[in-house]
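Below are some notes to read with the model open beside you, as numbered points.

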Amino acid sequence: KMNGLSGDVQTLLKVMACFGSSTNESVIGYLSESAEYAGVRNGLEGALSDGFIVKDGEGSLQFVHDKVREAAYNLIPDSDKKQFHYHLGKSLYSFCDGEDVGDTIFLIASQINHGKEWILRDKDLSIAIAELNMKAGEKALDGCDHKTAYSYLGAALSLLPNDHWRKHYDLSLRLNFLMAGAAKSCCQYDEAEQILRGISGRTRCFEDKLPSYFLLSQILRTQGKVDDAYNTCSFVLLQLGETIPES
């Protein structure tokens, strides 16, 4: 039945299927501003009238059944799915860049991350999308969703070039520290420790090392490595010119 629908309705259904079982009408509004998805508003009206999608009073759009969503997603050939997600994310990103879009940032990042192979071909885009994922990770951390934060921050790190510490120092420092914190919260203590020790070897001044040393001492204590935690704290205090009593 869906193959006989108008192009606008099919596009809307494919877009909705990429987002999952539900999304907000405001997202469709963002997309309708782009030439590629200009017909999605008309498509939404058709999808609603045909009974594929329902809308509640708060503007949340939802497929009437998982099977409907599955059929809509199958409108996209398997060979095109990854690229469809990516272009969808890029369209949203181009209209939302620099704006506070709330939780929609997770949707944008998750869609655009499907196109990692294309993102990595453009160094400037790689940095921009790394920053997008970092913002998504920070927002997840703010909401205490550490597992989601870990995922987005990991995606951000994977997009950085090999020389990122030299060319993008502030971003590298911030992103690695956030990743270490997310890893700690996900009980990935060895990974967190490795990241933090890596930071201490890359920073340009001792002041930039301090947050990492503090977090490292917490991780060491959590693991029961009390002597290592004490030695780390002692080292920091000595570097700051403090005297540590022998007893």
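1. Let me start with Lys 209, a residue of helix H13 (residues 206-222). Lys 209 is buried yet takes part in no salt bridge; the nearest side chain of opposite charge belongs to Asp 208, 8.5 Å away. For these terms, buried means under 20% relative accessible area, exposed over 50% and partly exposed in between, with a 1.4 Å probe and protein chains only. A salt bridge needs a side-chain nitrogen of Lys or Arg within 4 Å of a carboxyl oxygen of Asp or Glu. As for charge, Lys and Arg count as positive, Asp and Glu as negative, while His and the chain ends are not counted. What does the side chain of Lys 209 make a polar contact with? The partner is the side chain of Thr 203, at 2.9 Å. A polar contact here is a pair of N or O atoms within 3.5 Å; within protein, one must be able to donate a hydrogen and the other to accept it, and residues adjacent in sequence count only if both atoms are side-chain atoms.

2. A word on the basis of these notes: this is a predicted model, in which local features need pLDDT of at least 70 and side-chain atom pairs count only at pLDDT 80 or more, whereas totals for chains, interfaces and linings use all residues. Residues are numbered from 1 along each chain as its sequence is written, and side-chain values use heavy atoms, with hydrogens and water left out.

3. Helices are DSSP runs of H or I with at least four residues, numbered from the N terminus.

4. On to the salt bridges: how many does a search of the whole structure find? The search finds 9. One of them joins the side chains of Lys 81 and Asp 78, at 2.8 Å from N to O. Lys 81 counts as buried at 10% relative accessibility, whereas Asp 78 is exposed at 66%.

5. Another salt bridge pairs Glu 138 with Arg 174 (2.9 Å, N to O). Glu 138 sits in helix H8 and Arg 174 in helix H11 (residues 169-185), so this pair ties together parts that are 36 residues apart in sequence. Glu 138 is partly exposed at 21% relative accessible area, and Arg 174 is partly exposed at 40%.

6. Asp 163 and Lys 167 also form a salt bridge, their closest N and O atoms being 3.3 Å apart. Salt bridges that share partners join Asp 163, Arg 166 and Lys 167 into one network. Asp 163 itself is partly exposed, at 24% relative accessibility.

7. Now the largest pocket, with a volume of about 250 Å³. Of its 15 lining residues, the closest to the centre are Gly 98, Glu 99, Ile 105, Leu 132 and Lys 135. A pocket is an open set of points on a 1 Å grid over the protein atoms alone, where a 1.4 Å probe fits and protein lies on both sides within 12 Å along at least five of seven lines; lining residues have an atom within 4 Å of a point. The volume is the space filled by probe spheres set on the points, which are joined across faces, edges and corners.

8. Which helices supply at least two residues each to that lining? They are H5 (81-96), H6 (104-112) and H8 (123-142), and H8 gives the largest share, 5 residues. By type, the lining divides into 7 nonpolar, 2 polar and 6 charged residues. Here Ala, Val, Leu, Ile, Met, Phe, Trp, Tyr, Cys and Pro count as nonpolar, Asp, Glu, Lys and Arg as charged, and the others, Gly among them, as polar.

9. Please also check two backbone angles. Cys 144 has a positive phi of about 60 degrees although it is not a glycine. Cys 144 lies in the loop between H8 and helix H9 (146-158) and is exposed at 58% relative accessibility. Cys 187 has a positive phi of about 65 degrees, again without being a glycine, and is placed in the loop between H11 and helix H12 (189-200).
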